[in-house]
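Open the model in your viewer and keep the selection panel at hand. The stops below say what to select and what is there.

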Amino acid sequence: MDVSQAARQRRSVRSFGPQEVPAGLLEEFIDAARGGPSAANRQPLEYVAVTDPGVRAEIYPCLKWAAYIAPHGDPQPGHEPTAYIVVLRRADYELGGMALYDVGAALQTIMLLAVAKGLGSCWIKSVNYPKVAGILQVPKSLEVDSVLALGYPGEFPSQVDLKPEDAGLEVIKYWRDEEGRHFVPKRALAAVLHKDRYGG
Ligand SMILES: Cc1cc2nc3c(=O)[nH]c(=O)nc-3n(C[C@H](O)[C@H](O)[C@H](O)COP(=O)(O)O)c2cc1C
């Protein structure tokens, strides 16, 4: 799979199969992410790779899923994530708010690699941060920034392209049909691409 395919196929997955994610794969993803772009190359990020079922069971209740359709986007019992990568930020390495861009680059790298390895993922920011920090015994010098839920996908959400005239915030809510299939509207290429000059 090439990078373009991985980028187009990636969807947030919120239902997972029972197969365990090899710990070595998470290590491979983190090894790639640590070489990602970093503002002033300060590299404020660290990662906790979680595969242990006991730790997973503690993290799961700290996460909130798919706010627009809650609780219908929650993983059903037996379909919870089978791994997590928790992204930590070191405040003393940060340059203003720049570390947040580093997080975006790192997580996109990991999510694309996950797709290429047949895994699904969901970036989660609706997190009980103090609780996760406690569970993972994160030292005070680091902040929990994000949780990436991972596993072999138990659902395959679809992208639905909006029309160029579909503007505003009324059109962006993902939805599920009667069979529970998840659809994600994306703004049309013509609505977001400007050639040479704005509006061109
Ligand atoms: C910064 C950020 C925070 C997010 N937080 C959550 C979250 O807390 N819970 C959740 O279920 N999804 C979360 N998502 C996933 C978005 O809901 C998802 O990306 C969006 O619905 C578009 O779907 P797609 O990822 O399939 O394109 C988050 C995504 C981003 C980029």
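**A tour by selection**

Start with Ala40, in the loop that runs between α2 and β1. This is a predicted model. Ala40 is not a glycine, yet its phi is positive, about 55°. Ala40 is exposed, with 12 other C-beta atoms within 10 Å. Most residues other than glycine have a negative phi.

Next select Ala66, in the loop between α3 and β2. Ala66 also has a positive phi, about 45°, although it is not a glycine. Its 18 C-beta neighbours inside 10 Å make Ala66 partly exposed.

Stay in the loop between α3 and β2 and pick Pro71. A cis peptide bond joins Ala70 and Pro71, with omega about 5°.

Now go to helix α2, residues 23–33. Which residues of α2 are buried? They are Leu26, Phe29, Ile30 and Ala33. Seen down the axis of α2, these buried residues fall within an arc of 95°, so they line one face of the helix. An α-helix has 3.6 residues a turn, so residues three or four places apart point the same way. Turn to the other side of α2 to find Gly24, Glu27 and Asp31, which are exposed. Then show β1 (45–50), β2 (83–90) and α4 (99–116), which are among what covers the buried residues of α2.

The largest nonpolar core has 38 residues. Select Tyr84, Ile85, Val86, Ile110, Val147 and Leu150, the members that touch the most others in this core. The elements that give two or more residues to the core are α2, β1, β2, α4, β3 (120–124) and β4 (142–151). The largest share, 10 residues, comes from α4.

Centre the view on Val147. Leaving out residues up to four places away in sequence, Val147 touches Ile59, Leu63, Tyr84, Val86, Ile124, Val127 and Val132.

Select the ligand next. There are 14 residues around the ligand, of which Arg11, Ser12, Trp65, Lys125 and Ser126 come nearest. By class, this shell has 8 nonpolar, 2 polar and 4 charged residues. The largest share of the shell, 3 residues, comes from β3.

Finally, colour by domain: domain 1 covers 3–151 and domain 2 covers 158–192. Taken over C-alpha atoms, the centres of domain 1 and domain 2 are separated by 24 Å. Where the domains touch, 4 residues of domain 1 are in contact with 6 residues of domain 2. The side of domain 1 that touches domain 2 has 2 nonpolar, 1 polar and 1 charged residues.

Key
Residues numbered from 1 in each chain as written. Predicted model: local features only at pLDDT ≥ 70, side-chain atom pairs only at ≥ 80, totals over all residues. Buried ≥ 20, exposed ≤ 12 C-beta atoms within 10 Å, placed from the backbone. Helix = DSSP H or I, 4+ residues; strand = E, 2+ residues; numbered from the N terminus. Arc of directions from axis to C-beta. Contact = placed C-beta atoms within 7 Å. Core = buried A, V, L, I, M, F, W, Y, C linked by C-beta atoms within 7 Å. Domains from an automatic or database assignment. Nonpolar A, V, L, I, M, F, W, Y, C, P; charged D, E, K, R; others polar. Near = placed C-beta within 6 Å.
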